[in-house]
Amino acid sequence: MEYRKSYQRHPAKLAPTGYEWFMGTVTEIKDGDTICFSADRRVHVLRLLGVDSPEMGKKDAKNEFYSRACVQFLADLVLKKPVRALLTVEPVMARKKLGYLFVPGDEVSVNERMVAAGYAFASRSFSFPEQAHYLGLETAAREKRIGMWKEPPRLSPGLGALLEQ
């Protein structure tokens with residue numbers, strides 16, 4: 001599995017708009033592609049850039065296929081751990097900032113690790129600088145049948161649309 005040294009790339013190439021670095025601690029995993037972390041006495045909601053994962057059900061909705069495993073994988077990587085985050089300066093979607101998440105001392109982003117391990121899709125909803133690389137990581141995970149690719153998916157509306165692309 002080929003990772004890129006994310007931290008060595010110029011930050012302006014990683015983020016779609018203005019950006020800034022934060023050091024903090026992950027306090028909550030919202031779902032497989034969204035976390036909360038505290039930094040500078042504030043709580044930030046971060047949507048992992050370039051990553052889509054099966055959705056956790058809200059209220060009476062059902063969880064999508066493999067959503068719990070994706071959340072657990074992300075929690076094992078970062079929950080209650082110190083992180084570095086490269087975030088968009090302004091919230092981009094529903095009060096969330098887009099960004100890349102790093103565990104200090106690790107040169108590969110959490111975003112990349114999620115896709116490479118088969119616990120997230122490469123985002124197809126918009127283009128981003130690393131899209132071709134992430135699509136390659138997703139293809140490799142599918143071919144290796146790891147993470148959510150271990151078994152045939154039970155389709156849900158969001159997951160089905162991604163798999164048809």
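## A first look at the barrel

Among the protein's contacts between residues at least 6 apart in sequence, 61% join residues at least 24 apart. Keep in mind as you look around that this is a predicted model.

Let's start with the overall inventory. The secondary structure comes to five helices and seven strands, and from the N terminus on the elements run α-β-β-β-β-α-β-β-α-β-α-α. Of the 165 residues in the protein, 47% are buried. The protein exposes about 8500 Å², with carbon and sulfur atoms supplying 52% of that area.

Five strands close into it in the order 1-2-3-6-5, and their pairing is mixed. On average, neighbouring strands of this sheet are turned by 55 degrees against each other, direction ignored. Helix 2 (residues 67–78) packs on the sheet, where it touches strand 1, strand 2, strand 3, strand 5 (82–88) and strand 6 (97–102). The direction of helix 2 makes about 130 degrees with that of strand 1.

As a bit of background, strands of a sheet pair through backbone hydrogen bonds, either parallel or antiparallel. Here are some of the pairings in this barrel:

| Strands | Sense | Bridges |
|---|---|---|
| Strand 2 (residues 34–39) and strand 3 (residues 42–48) | antiparallel | six bridges |
| Strand 3 and strand 6 | parallel | three bridges |
| Strand 5 and strand 6 | antiparallel | four bridges |

Ala39 stands opposite Arg42 in strand 3, while Arg47 stands opposite Leu98 in strand 6. Ala85 has Leu101 in strand 6 as its bridge partner.

How many of its residues are buried? Six of the six are, so to speak, under cover. In a regular strand the side chains alternate between the two faces of the sheet. In strand 6 both faces are covered: Lys97, Gly99 and Leu101 are buried on one side, and Leu98, Tyr100 and Phe102 are buried on the other.

Over in strand 2 you'll find Thr34. Is Thr34 buried or exposed? Thr34 is buried, because its relative accessible area is 2%, and buried means under 20%. The side chains of Thr34 and Asp33 are joined by a polar contact of 3.1 Å. Leaving aside neighbours within four places in sequence, Thr34 is in contact with Ile29, Val45, Leu46, Arg47 and Lys96.

Glu20 counts as partly exposed because its relative accessibility is 31%, which falls between the 20% and 50% cut-offs. Glu20 and Thr88 are 68 residues apart in sequence, yet their C-alpha atoms are 6.5 Å apart in space.

Finally, a word on confidence. The protein averages a pLDDT of 79, and 72% of the residues score at least 70. Which elements have the lowest and the highest mean pLDDT? Helix 1 (residues 11–14) has the lowest, at 47, and helix 3 (residues 110–116) has the highest, at 95. Over residues 5–12 pLDDT stays under 50, and the model has 18 contacts beyond four places in sequence for them. Residues 155–162 also stay under 50, with 12 such contacts in the model. Where pLDDT is low, the predicted coordinates should not be read in detail.

How values were computed:
Residues are numbered from 1 along each chain as its sequence is written. This is a predicted model: local features need pLDDT of at least 70, side-chain atom pairs count only at pLDDT 80 or more; totals for chains, interfaces and linings use all residues. Side-chain values use heavy atoms; hydrogens and water are left out. Buried means under 20% relative accessible area, exposed over 50%, partly exposed in between (1.4 Å probe, protein chains only). Two strands pair if DSSP finds at least two bridges between them. Helices (H or I, at least four residues) and strands (E, at least two) are DSSP runs, numbered from the N terminus. Axes are lines fitted to C-alpha atoms, for helices over the stretch in contact, and angles run from 0 to 180 degrees between N-to-C directions. Contact means heavy atoms within 4.5 Å. A polar contact is a pair of N or O atoms within 3.5 Å; within protein, one must be able to donate a hydrogen and the other to accept it, and residues adjacent in sequence count only if both atoms are side-chain atoms. Accessible areas come from the Shrake-Rupley method with a 1.4 Å probe; for residues, only the protein chains shown count as cover. pLDDT is the predictor's confidence in each residue, from 0 to 100.
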